[in-house]
Each structure stands twice: as structure tokens, then as C-alpha cells.
Amino acid sequence: MLYIHLAAVWGLALFGFGFYFMNRKKSSPEGLIPVLFGLALLVRIIIAQNTSGFDVDISCFAFWADRIFQVGPSGFYSPDVFTDYPPGYIYLLYPLGALRSLLGIEAYSQAHLLLLKLPAILCDIGCGALLYREASRKLPGQYPFFLCLAWLLQPAVILKSCVWGQIDSIYVLLLALMCVCLIRGRM
């Protein structure tokens, strides 16, 4: 839980710094966007490596990643193996199992935990980028930056994907992209 507190304090400090910097200099936030995304990714990687995640799900994801790499998609689902996820996420686990096997990453090591949490972490960052892009089209000035900052540094988002290792941000990104396409009339 210490990492969540550190992330929250870090987020508030960065938010305050950005607010002060932009109001004092009347500058555009575009220069801070790469810094924001880089720091958000770095914080997520550090947290993901140093927390074990929700044991049941992490152990299932690890087993499923290894299994799909070993038996392939056609042999993955069988009556003798517990699998309660649809194929979409299982296909994302295929390259993770391949990377673990090819690189010789030890099971449940820091690298393995990061590998299992990486799809959700990247989707968190992708949600922030989509939010910034869409807000930049509709909102003036610094509002898009602060919306993106609020998403990337929200403790609940960090807790869900980096600490627990849950994959909800993958579906959130897909749903958000679908909504953007529907709003623009792209079926």
C-alpha cells in the first residue's frame, strides 16, 4: 500500500507543479505531455515489479500464458483445465508466454510480474493519450492536460492495473475507441 500512497503524493506534486508552471508562465502544456507520459509509465513499471498482484488472477494469467504458448490456440481450451476467460485476452497472453519462455524469465519474478501486467499498463497509458487527444479537440487551453493528468495519476487506475494486475483497462481502451469511432460515424 506504500506504493499507492507514494503515487498519490507524486501525482499531487506533479499536478501542483504543472498548475503553477502553466499559470505563472502562461505557457502551453504540450511540452509537459511527454514528461507526463514518461513519468506515468515509469511509476507504473516500478509499482508493477514490486507488487505481487491479486494472487488468483496473476497465477491464472501466468498459467494461461504458458499453456497457450505450449499447446497453441487450438489446444488451449480443454475440459481438464480451468479457463474462464474468453479468447480475446488469451490471445494477448500468447506473446507473453512466448517471451517468458524465449527469454528464460523465472516464474513470478519481478520481470514476470511486469510482463503479465504490461498489457494493462500500456492500455492505461493509451487511455490517457486518447483522453488527451479527444479533449484537445473540444476543450481550450490547459484543460486537456489536466484531464489526462487526472487519469494517469488516479490512484484507483494505478491500483487496478499495476498493483492488482487486473486487465480492465484493456476493455476500457477498446470501449473508448469504439465510442470515439461511433461519434465520428465510423462503423
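**Ground rules.** I am working with a predicted model, in which local features need pLDDT of at least 70, side-chain atom pairs count only at pLDDT 80 or more, and totals for chains, interfaces and linings use all residues. Residues are numbered from 1 along each chain as its sequence is written, and side-chain values use heavy atoms, with hydrogens and water left out.

**Salt bridges.** I searched the whole structure and got 5 salt bridges. I count a salt bridge when a side-chain nitrogen of Lys or Arg is within 4 Å of a carboxyl oxygen of Asp or Glu.

I looked at D124 and R44, whose side chains form a salt bridge at 3.4 Å, N to O. This pair links distant parts of the chain, 80 residues apart: D124 sits in helix 5 (residues 110-138) and R44 in helix 2 (residues 33-49). For helices I use DSSP runs (H or I, at least four residues), numbered from the N terminus.

Are the two partners buried or exposed? D124 is buried at 2% relative accessible area, and R44 is buried at 0%. My classes are buried under 20% relative accessible area, exposed over 50% and partly exposed in between (1.4 Å probe, protein chains only).

I then checked K160 and D168, which meet in a salt bridge of 2.8 Å, N to O. K160 is partly exposed at 29% relative accessibility, and D168 is partly exposed at 33%. Salt bridges with shared partners also join R133, E134 and R184 into one network. Within it, R133 and E134 have their closest N and O atoms 2.8 Å apart. R133 counts as partly exposed, at 37% relative accessibility.

**A48.** I found A48 in helix 2, buried with a relative accessible area of 0%. Which residues does A48 contact, leaving aside neighbours within four places in sequence? I list L113, L114, K117, I121 and C162, taking contact as heavy atoms within 4.5 Å. A48 and L113 are 65 residues apart in sequence, with their C-alpha atoms 6.7 Å apart in space.

**Surface patch.** I noted a nonpolar surface patch of L131, L139, Y143 and L147, with about 350 Å² of accessible area together. Patch residues have over 30% relative accessible area and no salt bridge; nonpolar side chains (Val, Leu, Ile, Met, Phe, Trp, Tyr) are joined within 5 Å, like charges within 9 Å. Areas come from the Shrake-Rupley method with a 1.4 Å probe; for residues, only the protein chains shown count as cover. L147 is in helix 6 (residues 143-152) and is partly exposed at 37% relative accessible area.

Technical notes:
Helix = DSSP H or I, 4+ residues; strand = E, 2+ residues; numbered from the N terminus.
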